Amino acid sequence: MKYAMRSLALLAAVLLLASCTVTQQLSLSQNQDNHASFGFSAEEFFIAVLEDFSDFAPAGNDKALMDTAVDDFKVSLTRSPATSDVTLVKEGDNTWAGSFAFKDLERLFRDLGAGGRQTLLTLTDTSMAFSLSMENYEQLVPIIPFLADPNFEAFGPLYNQGLSEEDYLEMISFMLGEEGVPAIENSVITLKVETPQPIKSFSGGRKSGERSYEFSFPLIDFLLLAEPITFSLTW
């Protein structure tokens, strides 16, 4: 499968206010010699917004906030016993790309803080399922401390339960200016999975090849989490 679920999490967090286009690719093999790659780019408007939240940046750190967040994510990946060959580079002013090898994706989730009983991801030799809802959102927060920061909590699902998309975007317009609305509306997270064997069945997303699957959702779906974000496939 081509896709690092954890990337999805990372990007969703870093993207919370840094409107981006994110593509995550994960390749699974039968011998567990798996590989993940990802890339994302942030709009200049939201980079400026992030920099305004100076409380999030450690005292005495002269590095840009977005660069610091990305560097911290790289450290987390590198420290996990479940990963190897971690790379994460800045390709442009607001563009990053990375990759890593892994043996056990569920172990990686646990290492990153989801806990031994995490329900975000289920992976077997012949299937994969991902489900994020308000019921297990707290499992995602330890993986991405960014989500628990007081400066950003107000923009996430815990603070906006029951809020309509229209009301949420109106709030964003009031707090961040008119540029904030289209920036969020244009932000999409795309997951691509390449399976070891031909795909037999799937739910959510679309089959793009005999062994290829693609799942996309708007960033605002994560910010509101009014409905669970789920997909599954078997091969």
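Visitor: How many helices and strands does the protein chain have?
Guide: This is a predicted model. Its protein chain has both kinds of element, and the count comes to nine helices and eleven strands.

Visitor: What share of the residues of the protein chain counts as buried?
Guide: Buried means under 20% relative accessible area. The protein chain has 235 residues, and the buried share is 49%.

Visitor: Where do the buried residues of H4 fall, seen down the helix axis?
Guide: H4 spans residues 105-114. Buried there are Leu-105, Leu-108, Phe-109, Leu-112 and Ala-114. They line one face of the helix, because down the axis of H4 they fall within an arc of 125°.

Visitor: Which residue caps the N-terminal end of H4?
Guide: Look at the backbone nitrogen of Glu-106. A side-chain oxygen lies 3.0 Å from that nitrogen, and the capping residue is Asp-104.

Visitor: Which residue just after H4 takes a positive phi?
Guide: H4 covers residues 105-114. Just after H4, a phi of about 95° is taken by Gly-115.

Visitor: Is the aromatic pair of Phe-215 and Phe-217 stacked, edge-to-face or tilted?
Guide: The rings lie 5.8 Å centre to centre, with 45° between the planes. Stacked needs under 30 degrees and edge-to-face over 60. So the pair of Phe-215 and Phe-217 is tilted.

Key. Residues numbered from 1 in each chain as written. Predicted model: local features only at pLDDT ≥ 70, side-chain atom pairs only at ≥ 80, totals over all residues. Heavy atoms only, no water. Helix = DSSP H or I, 4+ residues; strand = E, 2+ residues; numbered from the N terminus. Buried < 20%, exposed > 50% of the residue type's maximum accessible area, 1.4 Å probe, protein only. Phe/Tyr/Trp six-rings, centres within 6.5 Å; stacked < 30°, edge-to-face > 60°. Arc of directions from axis to C-beta. Polar contact = N/O pair within 3.5 Å; in protein donor to acceptor, adjacent residues only side chain to side chain.
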